[in-house]
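Please find below a colleague's note on the structure shown here. It is set out as numbered points.

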Amino acid sequence: MPSFTVSELALRVGATVSGNPDRSLSGVASLGAAGPEDLTFFAREAMRNAVGETGAGAVLAPPGFDVSGVAFSVLTVDDPEFAFARVVPLFHPEREPPTGLHPSARIGRGARIGEGVSLGRGVIVEAGARIGRGTRVGPGTRIGRGARLGAECRIGHAVSILHDVEIGDRARVHAGARIGTDGFGYAAGPEGAHKIPHIGGCVIGDDVEIGANCTIDRGQLDETRIGDRTKLDNLVHVAHNVRIGRDCLITAQVGIAGSTAIGAGARLGGQAGIAGHLTIGPGSRIAAQAGVMRDVPAGAAHGGTPAQPQRAWMKAAAHTRRLPELLRRVSRLERRLGLGRSGRQDPAKDGTA
């Protein structure tokens, strides 16, 4: 396990040091689990109690953090969580497979394999595919006919990248993902639903990350596109003709129906469902489990089902929690007024019976 001094780590992330700069650190851990040789981070007020009790040797903390009386060294930096993400690989470098082709890998006619590529056990590269330099492909993965992978990609095991899919440089695709599958498109006919062929493309940008068991459909006639630096969590479904801009964050189990456009920098919470043919504006925020059935303006925050502006949704949710109490109050008022369940006066009470 490598070790670094506090001052060495501070140079890596542009931090200033309070406390012992020569303290040696050999690991990273959470605030609660960290020991005297570990680095951890403090980033938000909810972590205040934990940082007061931590046994860490050093803590990444934001400007204004009170360093008086603390036993650990403090590395002050504008964004402690981002700095921590940069430091973790120093202690836990990624294990790269050896370059070269496993004897069981199969390469089709006319496929081009770049310098320094690694193909794991049982990989199939079909005819005319291209794999850029330094890309690593895990065991059991299939690269379809005419597919193109950029340089320095990391493709997990048992991934399917179907024919003519394009993936940019430095993309990461985790185990079990399926990219370039047919979309869900049918035309009604006298003998039932008739499948519409999907002959469009599927284009993935640079520095995109695709989580385990994601499914990304190819376009029906045009292209499905995912922009540079966008990150998909596990189990996300992207339907045919969807266009996702750059720098989006899409968390687990989100489903995006066909021909919807997601603007740059949008963030979609877990299990959100986005209906088809919508526009989700740049920088918008969609809450977890939201059901989006209308366009969302740029920069807006929406939640609930059907989704609505977040403030209105939270207000409605607060009122919903009060419904049992309100029903009890209405029942008491009805009894005092002599009204029945229908809201009409009880004949026995008005003397007409």
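1. Basis. This is a predicted model, in which local features need pLDDT of at least 70 and side-chain atom pairs count only at pLDDT 80 or more, while totals for chains, interfaces and linings use all residues. Residues are numbered from 1 along each chain as its sequence is written, and side-chain values use heavy atoms, with hydrogens and water left out.

2. Overall form. The protein chain has six helices and 40 strands; these are DSSP runs numbered from the N terminus, helices being H or I of at least four residues and strands E of at least two. The radius of gyration is 28 Å, well over the 20 Å that the globule rule gives for 353 residues, so the protein chain is more spread out than a compact globule. That radius is taken over C-alpha atoms, and the rule is 2.2 Å times the number of residues to the power 0.38. Along its principal axes the C-alpha trace spans about 95 × 80 × 30 Å.

3. Among contacts (heavy atoms within 4.5 Å) between residues at least 6 apart in sequence, 17% join residues at least 24 apart.

4. The parallel sheet. An open sheet of 10 strands has the order E9-E12-E15-E18-E21-E26-E29-E32-E35-E38, with parallel pairing; two strands pair if DSSP finds at least two bridges between them. Strand E9 (106–107) and strand E38 (291–292) are the edges, each pairing on one side only. Two bridges link E38 in the parallel sense to strand E35 (residues 273–274), and Gly273 stands opposite Gly291 in E38.

5. An antiparallel hairpin. Strand E22 (residues 186–189) and strand E23 (residues 192–195) run antiparallel and are joined by four bridges. Two residues lie between them in this hairpin. Ala187 has His194 in E23 as its bridge partner.

6. Nonpolar cores. Which residues of the largest nonpolar core touch the most other members? They are Ile161 and Ile179, in a core of 51 residues. Such a core is a set of buried Ala, Val, Leu, Ile, Met, Phe, Trp, Tyr and Cys residues joined through side-chain atoms within 4.5 Å. Apart from this core lies another, of 31 residues, including Leu9, Val13, Ala34 and Phe91. Neighbours within four places in sequence aside, Ile161 is in contact with Arg142, Ile143, Gly144, Ala147, Leu149, Ile155, Ile167 and Ile179.

7. Ala129. This residue is in the loop between strand E12 (124–125) and strand E13 (130–131). Ala129 counts as buried because its relative accessibility is 0%. Beyond neighbours within four places in sequence, its contacts are Gly110, Ala111, Arg112, Ile143, Gly144, Gly146 and Ala147.

8. Cysteines. The whole structure has zero disulfides, a disulfide being a pair of cysteine sulfur atoms within 2.5 Å. Cys202 is buried, at a relative accessible area of 1%, and Cys214 counts as buried at 1% relative accessibility.

9. Helix H5. This helix (residues 323–337) has 15 residues and reaches 21 Å from its first C-alpha to its last, close to the 21 Å expected at 1.5 Å a residue; the expected span is 1.5 Å times one less than the number of residues. Gly338 follows H5, and its phi is positive, near 70°.

Methods. Buried means under 20% relative accessible area, exposed over 50%, partly exposed in between (1.4 Å probe, protein chains only).
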